Amino acid sequence: MVEAARGDAVEAFPRIVTVSREFGAGGARIAGRIAAEMGFQLWDQELVSHVARKAELDTHVVRDVDERGRDLLEEVLASSLPGQMSSSKYRSLLTRTVTDLADRGGAVIVGRGANFLVPNEKALRVRIVCPLKKRIDRYAAASHLDAEAAERFVTGKDKEREKFVHQLCGESSADALHYDLVVNTADLSEQAAAQLVIATYHARFGALGRVARASSVPPQISL
């Protein structure tokens, strides 16, 4: 429990859930179920839209750097062209947004290395995984691609996300030690996975999952 400074009023706010995921493991949909059941706000593409508004850029411009590691030449070009966003600026705005959301509480944040950006005591850090073959088969069926094309896409997305997280904080998103819970969805429904995460949240933080803060410190994010 965090204690407020002497003389400050105290209010309780819920911790957050961060959901890291392998591409095709169902992490975004599971995060949506968690948010709906817990009454939390879901932050997935909403993060991109928020950063775009902060930067006064079109959303599609920000999507070009979202969860994508850039090489030096790409970064130099993006930094020099008007109406573009550099990876470093995106990472800065993203970090500020995620830390503000953690202070505000009651959020489920999908990907973007969020588990590395908030203090351990403010979040349940979850990783959603699934065997590569099953993820490829799922994507091939959903996108009507052959297995070879689906494999290139799935492994490419995994590499992009891993590179992004490494550039963001110098860590590997695949390291299980960075998470409180790792869920394998190979033989687990999305609803069952969501319930497992919710149960773990309550087991770790208690029935309400709330922590005290001084009410004189308002949430910083503008929605």
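**Exercise 1.** Is Phe164 buried or exposed, and what is the relative accessible area of Phe164?

*Solution.* The model is predicted: local features need pLDDT of at least 70, side-chain atom pairs count only at pLDDT 80 or more, and totals for chains, interfaces and linings use all residues. Residues are numbered from 1 along each chain as its sequence is written, and side-chain values use heavy atoms, without hydrogens and water.

Step 1. Apply the cut-offs: buried is under 20% relative accessible area, exposed is over 50%, and partly exposed lies in between (1.4 Å probe, protein chains only).
Step 2. Phe164 has a relative accessible area of 2%, so Phe164 is buried.

**Exercise 2.** Classify the aromatic pair of Tyr90 and Phe164.

*Solution.* Step 1. Rings of Phe, Tyr and Trp (its six-membered ring) pair if their centres lie within 6.5 Å; planes under 30 degrees apart are stacked, over 60 edge-to-face, and the rest tilted.
Step 1. For Tyr90 and Phe164 the centres are 6.1 Å apart and the planes 55° apart, a tilted pair.
Step 2. Tyr90 belongs to helix α5 and Phe164 to helix α8, 74 residues apart. Helices (H or I, at least four residues) and strands (E, at least two) are DSSP runs, numbered from the N terminus.
Step 3. Tyr90 has 0% relative accessibility and therefore counts as buried.

**Exercise 3.** Describe the packing of α7 and α8.

*Solution.* Step 1. Helix α7 (residues 132-143) meets α8 at an angle of about 115°, with the axes 9 Å apart. Axes are lines fitted to C-alpha atoms over the stretch in contact, and angles run from 0 to 180 degrees between N-to-C directions.
Step 1. Contact means heavy atoms within 4.5 Å; the residues involved include Tyr139 of α7 and Phe153 of α8.

**Exercise 4.** Describe the aromatic pair of Phe23 and Phe153.

*Solution.* Step 1. The centres are 5.5 Å apart with 65° between the planes, which is edge-to-face.
Step 1. Phe23 lies in the loop between β2 (16-21) and α1 (27-38), 130 residues from Phe153.
Step 2. Phe23 counts as buried because its relative accessibility is 15%, whereas Phe153, at 35%, is partly exposed.
Step 3. Phe23, Tyr139 and Phe153 form one aromatic cluster.
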